Structure formats: structure tokens, C-alpha cells
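Here are my notes for you to read beside the picture. Take them one at a time, and look for each residue as you go.

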Amino acid sequence: ERTMKAMTIISPGRLSGRRHFIAVLAILLFSFSGASVSASANDGEASEFIRDLGERAVDVLRDKENTTFAERESAFRNILVDGFHLRTISRFVLGRHWRSATKAQRQAYNDVFVDFIVRVYASRFDSYGGEQFEILKAVNSDVEGDTIVRTHILRPSGSSPIGVDYRVRVIDGGYKVVDVTVEGISMLHTHRVEFASVINRKGMDGFLDELRAQVVARGKNAVN
């Protein structure tokens with residue numbers, strides 16, 4: 001099956017949640033054996049940036065026997081904050097609701113967003129099944145200054161590889177991932193639709209309460 005089902009980030013289903021886990025954490029879970037990148041210096045730097053993140057993350061995923069969940073979650077948070085530009089991501093996925101939010105609501109959202117993202121994906125560490133990743137090429141994006149690093153996820157089952165693109169941008173003098181696209185489906189656009197759906201049903205304050213509740217619930221369900 002090559003078509004990715006949209007995941008509801010508030011309450012992910014089993015299949016879509018598994019695939020979305022792979023999509024978002026692909027940058028963190030790989031060895032780039034046999035990788036081939038373009039000759040462009042900028043493209044090479046973008047690919048090397050992704051490679052470095054992966055090397056840091058492999059230790060987090062493979063050291064379950066010698067670390068607690070809290071330690072792995074903390075290490076994952078550091079990688080996420082270092083590698084992804086969370087301010088760009090968080091504001092984009094909130095869309096027009098960021099502009100209409102009060103100052104207090106914006107602050108509350110900023111306070112909970114990183115905790116929410118970290119807790120959602122850290123709770124799925126055990127979903128890692130030995131996938132490996134191959135860089136296909138790096139190309140200039142339609143957004144000036146961005147680089148798209150195109151990869152395949154190679155699955156142990158031998159099923160068809162999953163195409164994953166990473167949008168990398170230079171921000172404040174360093175590379176950051178600002179979007180991940182799986183088989184043509186953008187993580188940012190998917191989350192934007194999901195967040196808007198919750199806000200439209202529950203309002204901004206209800207949405208913030210839902211994020212906080214998810215942080216608490218996933219923390220209680222976490223196992224070492």
C-alpha cells in the first residue's frame with residue numbers, strides 16, 4: 001500500500017500513527033549506507049546536517065536496556081529542538097488561529113507545543129522496527145533558500161520503500177528542518193488541518209486543554 005492515510009494527531013489510529021511515526025522520526029532513525037547526494041556544496045551540507053542528527057538519535061533508540069524512558073525522552077527533546085525549527089512549525093500548523101489568538105493563548109500554546117510533540121513521538125519509540133534510510137538526492141526547493149533532501153525508507157519486510165522528503169532551511173546561521181513530506185503528504189499541512197478541526201469544534205481554549213491532556217495522558221502511559 002503506497003497511499004498514506006492522514007493521521008489524526010490528537011487520536012492517531014494504529015496504521016496511520018505507525019506511518020506518521022516513521023515520517024517524523026525518519027530523520028532520527030537511520031544509517032545512510034550507500035547514500036548518494038548531489039555535488040552542490042549547499043546540498044552536501046544539508047545532507048550532512050541530517051546525517052549528524054541521525055547519528056545522535058540512533059543511540060537514543062538502541063539504548064533502551066541502559067536508560068530510563070525519561071532519559072530517552074530528554075535526549076529526544078534535545079535532538080528535536082536542535083534539528084527542527086519548532087517556532088516555524090508551531091506557528092504554521094496553527095495557521096490563522098495564531099493571528100486571532102490572544103497574547104495569553106499564544107503563550108500557553110508556545111508553552112505546551114514542544115512538550116506535546118516530544119511526548120507524542122517519544123511514546124512511540126518502541127515502534128522502531130529496524131528501518132533504514134537512503135539519501136537519493138538533494139535539490140533546490142520552490143522556496144528560495146530551502147533545500148529538499150529526498151530519501152527512501154527501506155523496510156525490513158522488503159515492502160516497497162516509502163519516499164520521504166525533508167525541507168531544510170538556513171535559519172540564524174544554521175540548518176533546521178521545517179517540514180517532512182511522506183509520499184507527497186506534508187507533515188505541516190496535515191497537522192494544520194487536524195489542529196484547525198479541533199479548534200473549530202472546541203475553541204482555542206478547548207484545543208489548548210486537549211494538548212495539555214495529551215501530554216499528561218501519554219506521560220502516564222509511558223513505560224521504561
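1. Let us begin with a definition: a residue is buried when its relative accessible area is under 20%, exposed when over 50%, and partly exposed in between (1.4 Å probe, protein chains only). By that rule, Asp146 is buried, with a relative accessible area of 3%.

2. A word on the model itself. It is predicted, so local features need pLDDT of at least 70 and side-chain atom pairs count only at pLDDT 80 or more, while totals for chains, interfaces and linings use all residues. Residues are numbered from 1 along each chain as its sequence is written, and side-chain values use heavy atoms, with hydrogens and water left out.

3. The chain has seven helices and five strands. Both kinds of element are DSSP runs numbered from the N terminus: helices are H or I with at least four residues, strands are E with at least two.

4. Two strands pair if DSSP finds at least two bridges between them; strand 4 (residues 174-182) and strand 5 pair over two bridges. Thr181 is opposite Ser186 in strand 5.

5. Which residues touch the most other members of the largest nonpolar core? They are Tyr109, Val168 and Phe207, in a core of 49 residues. Helix 6 (residues 103-122) gives this core its largest share, 11 residues. A nonpolar core is a set of buried Ala, Val, Leu, Ile, Met, Phe, Trp, Tyr and Cys residues joined through side-chain atoms within 4.5 Å.

6. Side chains of opposite charge can pair when their charged atoms come close. In a salt bridge, a side-chain nitrogen of Lys or Arg is within 4 Å of a carboxyl oxygen of Asp or Glu, and the count here is eight. One of them joins Arg169 to Asp146, with the closest N and O atoms 2.8 Å apart. Arg169 is in strand 3 and Asp146 in the loop between strand 1 and strand 2, 23 residues apart.

7. Arg167 forms a salt bridge with Asp142, at 3.6 Å between the closest N and O atoms. Asp142 counts as exposed, at 71% relative accessibility. Asp142, Asp146, Arg167 and Arg169 are linked in a network of salt bridges.
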